[in-house]
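Subject: Structure handover

Hi,

Here is the structure you asked about. Please open it alongside this note; my findings follow below it.

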Amino acid sequence: MDSIRTHLRQSSTVSLDQSVSEDEEVGGAQGVEMRFVTSEAEEAGPSSDLTALVWRYRHGYRRAGVLFCLCGVVIFAAAFLLAFAVFSGRYHCSQLGGQVEEDEQPGGGAKPPADGGAGPYLGELRAMMRRLLQDEDIHSTVSRVSRASHPPGSAEGTSLASEILRRFRQLQMDHTWTESLYATLQFPDRSQSSSLCLVDSAGLVSEQIPLNPSDFCPYSATGSTTGGVVYANYGRPEDFNWLKSAGVSVIGCVVVMRVGGGVSFAEKVWLAERSGAGGALIYPDPADLPQDPRRLGLSTHTAVSEHVTHPHTHTHTHTHRFPMFHRLQPISFSLCVVQSQVHLGSGDPFTPGFPSFNHTQFPPIQSSGLPLIPALPVSATVAAKLLSQLSGPSCPPSWRGRLPYVRCVVGPEFSSRRRVKMSVHNTMTPVLLNNIFSSVVGRVEPDQYIILGAQRDSLGPGAVKSGVGTAILLELARTFSAMVKNGFSPRRSLLFVSWDAGEFGNVGATEWLEGYLSMLHLKAVAYFSLDQAVMGDDVLSAYTSPLLVDLLDAAIRQVEHPKHAGQTIYSQAEREGGSWRIIKPLYLNSGAYSFTAFAGVPAMELRFTEERAYPFINTPLDSAARLQEVLGGRLGVTGRSLGELVGEMVLRLAHDHILPLRITSYAQTVLQFSAQLNKHSAELQSRGLSPQWVFSARGDYSRAAETLQRAIDYSDLHDPSTARSYNTRIMKVEYYFLSQYVSVVETPFRHVIHGRGDHTLSALTEHLALLTSDPGRFDERRFRRQLALFTWTLQGAANALNGDVWSIRNTLTYTH
């Protein structure tokens, strides 16, 4: 009897040991279940041995029968206990998750194994992350970062960089390092201030208008210009078109424009320059930004600053509709069309398209993205002084702001026959920049990176501009570092980055992208920008690549709204008109834009705001105290919610066997364009232009994406080589939409959906619209080239998704 019990114990021990070792190899919860089943089968061994023993002792039937029954009871009890442990563990984890897991998403990847590696389940990891995230650290870090202005190269900026590097090192992650580079930045001239004055007909100064000498637009042209004043509303393409239709010329004039209107400072200045203006003044109107200091508004003497490097954007816009959430309504994407482009609108304008190397060995090349006219930010008081003296045609009702004592006319003449003279005195300076990195190396696929980044510098205190993003970045780094120490073993690597020179057009981030462009499409899974993440605590916006929408959809169902206790962000958004409203297009000044449009990496920038605009961004008033007042003392709580939302998505990307990206997202976008092409099919064919090639490429892409998705759904995702193969193809989908037929130096935003240039879908769609709106301007030769650029990029994406060359079936029939 003792020998039999010993035999049973030894057999069970061997089976469990094998289960542990095999489980470590497979790295999945289901792997544990499979090993338990195997153990049960292996435990049949002692039963067979016992039967042989019974037959060997033919005269001990009764004793053998008792032993046989006893062993059966022991085996049954052991199996029952093992099964109970497994399923109770699953139940316990689901309870920790708080809600039903959102791992099974239509279109967002396979139904992956519940566990991504050895260690806790996803529910346990989610609970651990929520427990570790802290409000206090976020608030204190924002206060520290925004205690004074900290532009790149300044003593305060250098001190802050050293402090962040020290805090990263204290976390004892796998790697912490800095990368330095020189970039050419522009600052106000210390010896001579910019000025604005009114001059009489003889050119003599009749009135000097006071300006804050620290207010400037980085990368403005320097010099002076004198002329009349034209009011151009927000400085949008349609605003300049209205002036032209009204017979108002801006040639040689100083154009006054309002902040906002969905147009960046850079685009306002470039459009004014293209229209022939001699200079540009940009001011905050009370209709757009509150200007009552007693009620959390700007002072009427405060100007708003922003860089003015531009990407040579074409003037027209076109709207596409991308279905973003499954089962939800689509969201409109407004994309600008570009005729030609040399500078990104971000990065060092003296090294367009390539990284900032040592300038002594690589002489700088001035980008055509630098404006040719001077630009200045001015206060509402200065704008009112100028606009109140204008004469000329009345402006449209929609152009009327709330400047006091201003009658809305567009100029260009002054009632007193005077003119305005503006002078800008800025200097270009090479500055040593430092990007700071810290990483947790993945345990299964370490060469796949999930990147989180935030701008560190600010021309003012920058509580929103740089403080919030830096605080959430550090808090997430601390949280994930602690999770690793508590048993979390991420499949993929996490990379936390503090970027320098964000105020000058995301210079630090863009130069890093340019330096590592050839490898990032093989390694970068996704990028999350934390810039300006908290301006309020009510409305969430997600500026994102469509590939990340399913991931976001699952995350907002898990995270509680910071302002509405007991409700998820998703449920609150549904009450307020639909969660699809959360999704917004990536925009040029976003910290995430270059990652997608330039590098082909799926990217997202998240932001909590109020219905009432946060007025202090890009001003000297952007302090932690004002932000805390706007939030009613809830800065830490709101920052924690945003951090949890990002952390939820990062956790999924780092944990799941198969990357949860919606690889079919772009098929619907191209389908909608195909429908527009089909409407003009007869007209195109009469001009010798067949849309059949686009239809074929669209069909090939849709079939390839759906076939890959089905293959993932029905594959054994526990097989490491299978999972690796699928993930490699999934993470390159965004990259496939970078046109290989245009130069990365001449047209850096090569993405055919999100990019800027003649190769893009928006450029093609706008040109197509001329067939009905203005047939005389339709250029068949240009359209044929545009069609070829887009079609072959799309066909290339379809071929790449198919995988091996023998899986591709391009059998088109040529017709005249």
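The protein chain holds 25 helices and 18 strands. Helices (H or I, at least four residues) and strands (E, at least two) are DSSP runs, numbered from the N terminus. This is a predicted model, where local features need pLDDT of at least 70, side-chain atom pairs count only at pLDDT 80 or more, and totals for chains, interfaces and linings use all residues. Residues are numbered from 1 along each chain as its sequence is written, and side-chain values use heavy atoms, with hydrogens and water left out.

Of the 816 residues, 58% count as buried. Buried means under 20% relative accessible area, exposed over 50%, and partly exposed in between (1.4 Å probe, protein chains only). Take contacts between residues at least 6 apart in sequence: 79% of them join residues at least 24 apart. A contact means heavy atoms within 4.5 Å.

The eight-stranded sheet

Eight strands form an open sheet with mixed pairing. The order is S1-S12-S14-S13-S15-S18-S16-S17. Two strands pair if DSSP finds at least two bridges between them. Strand S1 (175-188) and S17 are at the edges with a single partner strand each, so one side of each has no neighbour in the sheet. Inside the sheet, S13 (residues 445-455) and S15 run parallel, joined by five bridges. Tyr449 stands opposite Ala524 in S15.

Helix H22 (residues 720-730) lies across S13 and strand S14 (492-499). H22 runs at about 35° to S13. Axes are lines fitted to C-alpha atoms, for helices over the stretch in contact, and angles run from 0 to 180 degrees between N-to-C directions.

Helix H14

Look at H14 (residues 549-556) next. Eight of its eight residues are buried, so the helix is largely enclosed by the rest of the structure. Among them are Val549, Leu551 and Ile556, and also Asp550 and Asp553. The buried residues of H14 pack against strands S15 (524-529), S16 (539-544), S17 (583-584) and S18 (603-609). They also pack against helices H15 (569-575) and H18 (635-655).

The four-stranded sheet

Four strands form an open, antiparallel sheet in the order S3-S2-S11-S4. Its edge strands are S3 (205-209) and S4 (223-227), each pairing on one side only. Neighbouring strands here are turned by 20° against each other on average, direction ignored. S2 (residues 195-199) and S3 are joined by four bridges. Leu196 stands opposite Ile209 in S3. Helix H10 (residues 380-387) lies across S2, S3 and S11 (419-424), at about 155° to S3.

Strand S6

Five of the five residues of S6 (residues 254-258) are buried, so this strand is also largely enclosed by the rest of the structure. Val254, Val256 and Arg258 point one way, and Val255 and Met257 the other. S6 pairs with S5 (residues 229-231) in the parallel sense over three bridges. Val229 has Val254 as its bridge partner.

Cavities

The whole structure has four cavities of 30 Å³ or more. A cavity is a set of points on a 1 Å grid over the protein atoms alone where a 1.4 Å probe fits but cannot get out; lining residues have an atom within 4 Å of a point. Grid points are joined across faces, edges and corners, and a volume is the space filled by probe spheres set on the points. The second largest cavity holds about 40 Å³. Its lining is Trp499, Gly502, Asn506, Ala509, Tyr527, Asp531 and Gly591.

Best wishes

Technical notes
On a 1 Å grid over the protein atoms alone, a cavity is a set of points where a 1.4 Å probe fits but cannot get out, and a pocket is an open set with protein on both sides within 12 Å along at least five of seven lines; lining residues have an atom within 4 Å of a point.
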